[in-house]
Amino acid sequence: MKTFCNPISISFAALFILLSHNFSWGQANGDVSSGAIIMLSAKGLVQVLDPSGNVVPGTIKPGAVLAEGFSIKTGFSGESSMLFSNGTVASIEPRSEVKIETFLQKSFEAGNQKVSDLETEPSSSQLTLDIGSGSLVVQTKKLDRSSSFTINSPAGTAEIQGTEFQMGLSPAGDTKLDVASSVVAFTPPGGDSIVVSQGKGLDVSANGAINQRPIDPVVSLNISAKNTLASSIAAAVPMATVNQAKEKASALSAVSEGKESKSSESSSDDDESQEEEDSDGEEKDARESAIEKSGINTRSIPGTQTGSAFKKYLKDLADGNEMSPPNVAVPDAPSGEPSSQPPSSTGLITQVTYSVQNGNIVLSFQDANGNEVRGTNLSINSDPEFSVLYDQFSELAQFSDSKKNMNALALMIFMRELSVNSNSYTNLNTAMEKAIEVSEKFLTPKIIGNNYTLTDKTENAKQLIDQYSSNPYLYEIGMMMAEY
């Protein structure tokens, strides 16, 4: 069970462990250079991949510095939080992979400020993240009007203008966006931008169906908890340290580019090498002027939404100014009115039951009245990957990610037990339900507020112990926890 408490102070004197001491600390490429990503926390399995996709060896510790091109990947129980040199904090949830596709930032004077003193980003920036899987929780400072922050997913692109939100991609390919403050513009491939305002959410299925809705209350709490924790760690970091990290990131980015350039040149003749060098020079010039032109990510917003009028509209919304959106075909649906988007096709199946028949676990997917919509047979002798089992529950729209995780985890553990003895359970469905119920209470993160009394804690703990000790499926529950 997790509780959120005051974070332990981090020594930033040992920053930049990913970089050699021989790197130059000078600002690269003039006024615009690579922004820095400082790791604030890492627990469980957290891996960093370099721009070539290779895993960086060693344990990633708080204070490590990354640059554009690097990726962060978390395991089943892995979590990580990071501070961007423009003041943005982000938390990467378990089973996630996020790539820092682009991060360029103008130089700035640090002065005597700390991150907690910032209300706006210290200098204009261009930041693009790619979500390959999992979920990301973000809190930004107010962005400069010449800045851009976009997040790409297979289902579309989110454009941010200073906000708190969570964006996730399920194993089935569904994208979920929840906005706790300000606005986020989400653009499906080839479509028009959908403005998701404070207190609203958006679901985009793998087949492109869009559903606008209120913010998920569980996700809203998670956004608040994760951002509060990450911000409290980042608050004490001096901006002078952030500036030094930015210089280190520039050096790291230059080394990464040099390795790629050297690899490319080794397979070309002298003339081709010269052409590549010229091309590299032109690309660097373009990168240096990218912030001024605000057009570094050509994939971000298709069609008419690339116009300056729409960007100004988003800026004004982020600043709290109400304006009519230019050329926005799908605004938020008014309260009580249906969305103009086609309804999601995932609302028919509401529950799943389990049974054992002829050496198979039978999953019966049913509607609210208990009528079977479809069934799936899984051989008890098979050993499928967790992601395959997770995908079985993709149609259960009302299941949270945590509930899908627990069902997939239970299914994996019970399949292992049944492969040893197919007659282990007289009622598999009851066994699964009881094991999931208790495991979920132990493994779901808990947020304890100031109004949570000692009596509440004692009563809840006693109730949990009673449920655990009276449960006949203790072994399976223990295996689920160990697997988690």
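The side chains of D203 and R213 come together in a salt bridge, with N and O 2.8 Å apart; the term stands for a side-chain nitrogen of Lys or Arg within 4 Å of a carboxyl oxygen of Asp or Glu. Because D203 belongs to strand 16 (residues 200-204) and R213 to strand 17, the pair ties together parts that are 10 residues apart in sequence. Strands here are DSSP runs of E with at least two residues, helices are runs of H or I with at least four residues, and both are numbered from the N terminus. The structure is a predicted model, in which local features need pLDDT of at least 70 and side-chain atom pairs count only at pLDDT 80 or more, while totals for chains, interfaces and linings use all residues. Residues are numbered from 1 along each chain as its sequence is written, and side-chain values use heavy atoms, with hydrogens and water left out.

R213 also meets D178 in a salt bridge, again with 2.8 Å from N to O. Since R213 lies in strand 17 (residues 210-214) and D178 in strand 13 (residues 175-181), this pair ties together parts that are 35 residues apart in sequence. How accessible are these residues? Relative accessible area, computed with a 1.4 Å probe on protein chains only, makes a residue buried under 20%, exposed over 50% and partly exposed in between. R213 counts as buried because its relative accessibility is 15%, and D178, at 1%, counts as buried, whereas D203, at 24%, counts as partly exposed.

A search of the whole structure finds seven salt bridges. One of them joins K226 to E93, whose closest N and O atoms are 2.5 Å apart. This pair links distant parts of the chain, 133 residues apart, with K226 in helix 1 (residues 217-234) and E93 in the loop between strand 7 (89-92) and strand 8 (97-106).

Helix 1 itself has 18 residues, which at 1.5 Å a residue should span 26 Å, and its end C-alpha atoms are 26 Å apart, so the two values agree; the expected span is 1.5 Å times one less than the number of residues. Among the buried residues of helix 1 are V219, I223, K226 and A230. The buried residues of this helix pack, with contact meaning heavy atoms within 4.5 Å, against several strands, including strand 2 (37-43), strand 6 (79-84) and strand 9 (125-139). At the N-terminal end, D216 caps helix 1, with a side-chain oxygen 2.9 Å from the backbone nitrogen of V218.

Terms used: Polar contact = N/O pair within 3.5 Å; in protein donor to acceptor, adjacent residues only side chain to side chain.
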